Amino acid sequence: MPMAAMKLPHSPRLIHGRQSLVPFTAFTMLFPKPPSPPLAKCSFSISHAFLTRTLSLFSPGILVCGNSSLRGARGNQSRPKSASVQPLTEELMDDQSKDSLVSGDSIRQRFLDFYASRGHRILPSASLVPDDPTVLLTIAGMLPFKPIFLGKIPRQVPRATTAQRCIRTNDVENVGRTARHHTFFEMLGNFSFGDYFKKEAIQWSWELSTMEFGLPPERLWISVYEDDDEAFGIWHNEVGVPVEHIKRMGEDDNFWMSGATGPCGPCSEIYYDFHPEGGNADVDLGDDTRFIEFYNLVFMEYNKKDDGTLEPLKQKNIDTGLGLERMARILQMVSNNYETDLIYPIIEKASELANISYALADEQTKLKLKVVGDHLRAVVYLISDGVLPSNIGRGYVVRRLIRRVVRAGRSLGIKEEVRNNLEGAFLPIIAEKVIELSTHIDSDVKIKAPRILEELKKEELHFVQTLDRGETLLEKMLANALSNAQKSGTVPCLSGKETFLLYDTFGFPVELTTEIAEEHGVTVDMNGFDIEMENQRRLSRAAHTVVKLAVEDGANLTENINETEFVGYDSLSTRAVVESLMVNGSPAINVSQGNDVEVLLNRTPFYAESGGQIGDHGFLYVNGGENQQAAVVEIKDVQKYLGDIFVHKGTIKEGVLEVGREVEAAVDAKLRQRAKVHHTATHLLQAALKKLIGQEISQAGSLVAFDRLRFDFNYGHALTDTQLEEIERLINGWIEAAMFLETKVMPLKDAKEAGAIAMFGEKYGEQVRVVEVPGLSMELCGGTHVSNTSEIRVFKIISEQGIASGIRRIEAVAGEAYIEYINARESQMKNLCSMLKVKAEEVTTRVEKLVEELRMSRNEVENLRGKAAVYKALMIANKAFEVGTSQKIRVLVEYMDDVDADSLKVAAEHLIDTLQDPAAVILGSCPDEGKVSLAAAFTPAVVDLGIQARKFIGPIAKLCGGGGGGRPNFAQAGGRKPENLPTALKKAREDIVAILSEKAS
């Protein structure tokens, strides 16, 4: 029977119907080699669609990529063949069938349709910036459903299926080095919210894998949690997987937990075996050269209690994830995920620009091409979701990936692209291919394409400005490191100071420096880099003197001082012992009245400046006893040094303070309350920005003071007045709602798993403090906070401005500081009304009128200055002289006293018109102390001789300590050395005469 006759018509409804259309025996009829004996008892059937798909799947040399095959670029690569089937020839399948059956887009759609036919609602992918404000990026397919799994919100549907876009950058160094690591990937998932459970999840995953996608059963291996006998039984007894193909694994591999407590459960994974000839003995499913895990099933059936015990959940859930790129690799029969039609077209475009054949390239070149292909996918989708390059948070992820791509592309020899107004950028050209492939992943990408391409162009050009200089310097550093190591017989190492210089001055991410160094066999002193980074942070702190904790002989004073016990969360006063005193950085035994002092206590209620919050103010009291003098110390600042040593800075107001004395340490309660109000308001401000402006908003710095708060965040545009009003309204609503805050101390790992926001790039200890405004924000924070939002009373934004590229700053006041702010504004308004002799409501009109009058007066002054300059020009016009023999050119070089730059221009233009063509005029003046102005004006005939005003004026301006520029016929310049102006004008006269004499002779 002709093979074509076996291609039965099919539709999604037939393909995904619950009743199979062809008995399992058809499999052995088409493919003579029977299933291996252990799997012979698997009793299931397959659809018409599977028959035609199988023909395409095992046709050698075929890999569909959109409407074209990928054979050309990679040549005739050998691909693993199924152990249970015989390959058919390529001619048996037409191109349309091949395209619809194994492309990445079709795999995604078939997965979704498969579960839709089983009662699942197809939901769109969530953004890479999660709705949950406590998570940096969407790293898993289940993340959008996390609140449902944790019981925080009710389910909307009992079953769902998604193709979720995800980003992971924790192992970015492995991209391209392994067959499966990516920064951007798609996770296909099916989810049950208290509906079906293990049996259905396992059976459907097997049916999807073997029947829908046609994977040979004998190629599949299963892992289960070591104690999950139920899952083991379903796989073996009901699905029919032989015992030797099911591996029990421990908690680290096969038990999922949402945190230290809460929902959890065992999981089961399906692996594909690329080399079944390896047999069943001593199999290691973690062997990437043989196996790839492509489907993970999580059975959420327990609740972990505080004591570590497990209790069954009333609502059991299913959370699964199938890696699209991994399944495409299996079905398209390529050696790694990068050579699938999901990524390879991007690599092809990069290869084309670099004039490289991927098939003939060495492994290092292929690695760089894979980095380009992978990272540009991530960057395009992140920018599409609103994440712009910056130096913090999500923006830093984008910036880091872009810079890795730029360097990879340049090292591949990709030439600068000058067409389409790209100004030398090549990333937009490759990104166009990513956008072309985005249709079925995220349709918004094509709509946002102009913005994406513009951001890529801008960021690439910005980086390239410093990359060349930085790379040159790095090459010298690496050469020195290798040379020094060779002489000393040590391991070549780049110092922390050198690495920090590249980071701080040339914008090199430390990861990029490390990569380049590794390529040259040089290590990087990361400890030294961390020290330099910390030094910079300390230096950048506002006007605080670093305490010298060393005695004159160099012994470290801190050797005998323990860390300070902080009791200020629970109490504003405590008894403490003075452990050390410092005056002007030197240790002291006692300090008397009138002296500034730095005090170290064994315990303190004073909050030390950290996390943006300034240190507490207050007093230390010493009670006078027998033969002891009383003392009072006013504390104006508290800093934390060398771990948790609190240094109280103040002044002795009364008596004498001695080491060893017991003191009563008391915090100023009113000022502490102001700090608490502003700190909690800062958390609410960040929550409001995320809610109203975008989830990509992340903190770039902050200040929590007694009189105001300041919050810096990454955002590329100024906020409108309307947006600022909405933010204020939202925060004041939360204040009015009187919500109680919750504060907990927990392990860092548990805090992150619970969803707490961590400052990007900050370092934390093993135990962290988590401050939560339920339902609004959850942050790692050691600061002091109100217990209820109603204590804030009121919130008001007083300014919003840009402070750096992509960084905005909001300043605001709350509570008592708001009342002070309003009173000060009212006082200022009263003064204005008195000065202008108008009512408050008339101030704006009066000021506008004054501004207009001032503008008109300035215009009159400028006109008068111009007329004066013209008059002076008329007075010196007769000083012009002629140069040249064949052509007489009139030349005037003169000093015009204190004429300003604008008037000097008017005078030069008037003289050119007066002297007529051909003529050259060069004027100089000293408009203000320490300033020089120069102007050069040439007529067309002079310019035609090849003499340009902008080139002529530059060297003259340098003599006056300045520079300038302009057009060929007119140029202006400035300088800072008026004393050199006579010499400069003399030089100008000599040069112009010499040039014109030569040109016009």
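Buried here means under 20% relative accessible area, exposed means over 50%, and partly exposed lies in between, with a 1.4 Å probe and protein chains only as cover. The model is predicted, so local features need pLDDT of at least 70 and side-chain atom pairs count only at pLDDT 80 or more, while totals for chains, interfaces and linings use all residues. Residues are numbered from 1 along each chain as its sequence is written, and side-chain values use heavy atoms, with hydrogens and water left out.

**Salt bridges**

The structure holds 42 salt bridges, each a side-chain nitrogen of Lys or Arg within 4 Å of a carboxyl oxygen of Asp or Glu.

Select Glu-212, which is buried because its relative accessibility is 4%. The side chain of Glu-212 forms a salt bridge with that of Arg-110, at 3.2 Å from N to O. Arg-110 sits in helix α6 (residues 104–116) and Glu-212 in helix α8 (residues 198–212), 102 residues apart. Helices are DSSP runs of H or I with at least four residues, strands are runs of E with at least two, and both are numbered from the N terminus. Arg-110 is buried too, with a relative accessible area of 7%.

Next, select Arg-165 and Asp-442, whose side chains meet in a salt bridge at 3.7 Å, N to O. Arg-165 is in strand β4 (residues 159–167) and Asp-442 is in the loop between α15 (427–436) and α16 (444–447), so this pair ties together parts 277 residues apart in sequence. Arg-165 is buried at 4% relative accessibility, and Asp-442 is buried at 10%.

Move to Asp-288 and Arg-180, a salt bridge of 3.2 Å, N to O. Asp-288 is in the loop between β9 (262–273) and β10 (291–304), and Arg-180 is in the loop between β4 and β5 (184–193), 108 residues apart. Asp-288 is partly exposed at 38% relative accessibility, as is Arg-180 at 24%.

Then select Lys-198, Asp-228, Glu-230 and Glu-301 together: salt bridges link them in a network.

**A charged patch**

Select Glu-226, Asp-227, Glu-251, Asp-252 and Asp-253, which form a negative surface patch. Patch residues have over 30% relative accessible area and no salt bridge, and like charges are joined within 9 Å. Glu-226 lies in the loop between β6 (220–225) and α9 (229–239) and is partly exposed, at 39% relative accessibility.

**Cysteines**

The structure holds 0 disulfides, a disulfide being a pair of cysteine sulfur atoms within 2.5 Å. Select Cys-926: the nearest cysteine sulfur, that of Cys-960, is 7.8 Å away. Cys-926 is buried at 18% relative accessibility, and Cys-960 is buried at 0%.

Note on methods. Patch = residues over 30% accessible without salt bridge, like charges linked within 9 Å, V, L, I, M, F, W, Y side chains within 5 Å. Areas by Shrake-Rupley, 256 points an atom, 1.4 Å probe, with all protein chains shown as cover. Lys, Arg positive; Asp, Glu negative; His and termini not counted. Charge placed at Lys NZ, Arg CZ, Asp CG, Glu CD.
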